[in-house]
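Please read the sequence and the coordinates side by side as the paragraphs below move from one site to the next. The account begins with a single side chain and then widens its view.

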Amino acid sequence: MFNFPTPYPDELIYSTVARAGIRLALSSPKQLLDEVFQNRKVSATVDLPCHLEKILHWLPQRLYDLNHLIDKHTLFPIYACFIPEERRQNCLHFMQGASHGALHLAVGLNASKVHIPEYLRYCPRCFEEQLQSYGEWYWSRLWQIPGVSCCPQHGKLLNSSVQYRPVHKHEFKAACLENCPTHAQEPASLDEILIAQKAIELCSLTNTPSANLAQWTLFYKDLALKHHMVKGKHHIVHELIYQKIMQRWPMSFLIQHGLSDLCTENSWLHHMFRKHRRSFSYLEHLIVIEAFYAGKSWTFQEILKAVKAYSHTPTSFCDNTVGEKLQPTVIHTQRHLWLTALAQTSIVNARRQNTALYAWLYRNDKKWLVETNAQKQMPFIPSGKKVNWKQRDWEGVKTLLRLHQQLLENLDSPRRTRTWWIKQLSSPSTIEKNLASLPLITKFLNTYQEDTSCYQIRRLSRELLLTKRNNESISLWVLLRKTGLTTDRMTQETQTFLNHVIQHDQLIKV
Ligand SMILES: [Zn+2]
C-alpha cells in the first residue's frame, strides 16, 4: 500500500517509522500509527520495539525476516547474550507481536541499575556522513545504547531534545536540525571508546542460543578462583574483587552509569559473584571482565564461548514434578501469560489475580517461575520479610559517606543534589518515599547536597585547574562556554569567586 522506507545500516526501527511519517507527510502521530500498525496503542519504543510483524509486512520479504530486523535494527543484541535461552525465545516472541511491557521486564531492564539515557543522542559528524550517503539523517542504534557515551570515530555524543522514554508514548520523532542542534563535540576518553567498541561487537553477534544463569555463576566463580579470591572451597573474598574493580575504573565513571554501589551486601558486584538469580547488563559484565583481564584483549564472543562451555544443569522443562511430558508450546503460553501479568502489577497482585496460572507454573515450571519472580523483585528488598529501616539507614549512610570521601577531589560528577545522592543507593525510589524512616540518610542529604553556587564554582574550578595544569590561559568567554555558564545564570557567590580569580591570577584573559 505505501512507500515504507527501508531501514539504513544500523538504523533503529523507531527511526525508520519516524521517517515513514515524514515521507507520507503525516502531521498527526495517530495517523502514522494507523498507517503502519493499524493500532493506535503501539508505543514509540526506542530500544526494544514490538509489533515487528507489522513492520515486516511493509518490507521486501526476500530481504527481511524477524531475526534480521531484531539483530540489525533494535537494541536487543545488547541483552540477548546475557539472558537464558528460554527467556530470549520469549523476548523474540514478544517483539514479533505485543508485549504490554513484559519485554522490558524479561530482558532485566526493570531490575537493572544502568542509567537509561534521558534523551536520544547523536553524533553530528556521523549525521554529515549519513547526509552524504543517503540524503537524510537517521537515529543510529549505537548512540542509544545505555552506557555508550561516544561515537568511536568522532567523539562524545550530544543530547537531542527528543526524550528516550517520553510522556507522549505514541510519537515517533525523526532526527532533524530542530531537535539536534549543532554544538562542538568533545573528544571521547579511551574508556568511552572501549565501551562503544564492545557494544558494537555485541551488536554484530548473530542470533545464537544463550548461556543459562548456572553457567554464568560458574564462569564468575572460576574467575575469582583463578585470581585467588576464594577462601576455602566456596567463600568469595569480595573485598579483593572490590579492589580489583577500583584499580581499573574511576569512581566518577561508575557513578555516571549508576553502578557505584560496589560494597554493600546487595550491590550488583556481590550478586555477580554469587549464584546468579537474575541476568546482568552488558556493562556490568564488561566492567568486571575488563578489570580481571587487566590490559589483555578480550572479546564478548570468546567470553560467551567460554561461558557456554561450562556444563549446564538441565533447563526448566525438566522440572516438571508431575512427571508427565508437557508440550513446549503449553509452557510457552503459560510463561507468556505470567510475564504479561507481572508487567502490569506486583508479584503478589499477579498471583492473587491469576491463582490457577500461578499454581500451574509452580507445579510444572517452578525453577523458571522462581527465576522470573526474582528478576521482577527490586534487588534490595528481601521477599516476604519486613524491611529493617534501621539497618537500611545505616547501610545507606555508610555508602553515601564512603562515596563522599571518594569524591572529595573529584570535580567531574553532575550536580550532587539530594536526588543525585539518593540515586547512588539501591532502590532510590523506596529511599525517597521513606526518608521519614531514615534519619541518618536525611541528615547526610541536608548536609552534603550541593547548591547552585557550589556546583557552578566546581565546574569553573575544574576548567581552571585543567588550564593551569597545561600552563595555558583561557579567555573568559571560552571558560563560560566550556562550563555551560552565562553571566545572568551565575549566582552572586559564583560571580565573586570568578572576580577573585580574575584579579589574583593570570589564568583568565578578559
Ligand atoms: Zn560519529
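In this predicted model, Arg141 has a relative accessible area of 3%, and because that value is under the 20% cut-off, the residue counts as buried. Arg141 belongs to the loop that runs between helix H8 and strand S2, and its side chain makes a polar contact of 2.7 Å with the side chain of Asp10. Not counting residues up to four places away in sequence, Arg141 also touches a run of residues that includes Ile70, Asp71, Lys72, His73, Thr74 and Leu75, together with others such as Leu12, Pro77 and Cys203.

A zinc ion has as its protein donors the SG atoms of Cys123, Cys126 and Cys151 and the ND1 atom of His154, at 2.1 to 2.3 Å. The angles among the four donor atoms run from 104 to 116 degrees, and the site is tetrahedral; for four tetrahedral donors the ideal angle is 109.5 degrees. Along the sequence the donor residues follow the spacing C-x2-C-x24-C-x2-H. Cys123 sits in the loop between strand S1 (119–122) and helix H8 (124–134), whereas Cys151 is part of strand S2 (residues 150–151), so this pair ties together parts that lie 28 residues apart in sequence. Cys123 and Cys151 are both buried.

Elsewhere, the largest nonpolar core comprises 137 residues, and those with the most contacts inside it are Ile55, Phe76, Ile245, Phe273, Tyr282 and Val288. Helix H14 (residues 282–293) gives the most to this core, contributing eight residues. Leaving aside neighbours within four places in sequence, Val288 is in contact with Tyr220, Leu223, Ile245, Trp268, Leu269, Met272 and Phe273.

Helix H10 (residues 213–226) deserves a separate look. Its 14 residues reach 20 Å from the first C-alpha to the last, close to the 20 Å expected at 1.5 Å a residue. Buried residues in H10 include Trp216, Phe219, Tyr220 and Leu223, but also Gln215 and Thr217, and what covers the buried residues of this helix includes strands S5 (230–231) and S6 (235–236) as well as helices H13 (268–272), H14, H15 (300–309) and H19 (366–376).

Note on methods. Residues are numbered from 1 along each chain as its sequence is written. This is a predicted model: local features need pLDDT of at least 70, side-chain atom pairs count only at pLDDT 80 or more; totals for chains, interfaces and linings use all residues. Side-chain values use heavy atoms; hydrogens and water are left out. Donors are N, O and S atoms within 2.8 Å of the metal (3.2 Å for Na, K and Ca); water is not among the atoms, so sites may look incomplete. Four donors count as tetrahedral if all angles lie between 85 and 135 degrees; four count as square planar and six as octahedral if opposite donors are over 155 degrees apart and all others between 65 and 115; anything else is irregular. Helices (H or I, at least four residues) and strands (E, at least two) are DSSP runs, numbered from the N terminus. Buried means under 20% relative accessible area, exposed over 50%, partly exposed in between (1.4 Å probe, protein chains only). A nonpolar core is a set of buried Ala, Val, Leu, Ile, Met, Phe, Trp, Tyr and Cys residues joined through side-chain atoms within 4.5 Å. Contact means heavy atoms within 4.5 Å. The expected span of a helix is 1.5 Å times one less than its number of residues. A polar contact is a pair of N or O atoms within 3.5 Å; within protein, one must be able to donate a hydrogen and the other to accept it, and residues adjacent in sequence count only if both atoms are side-chain atoms.
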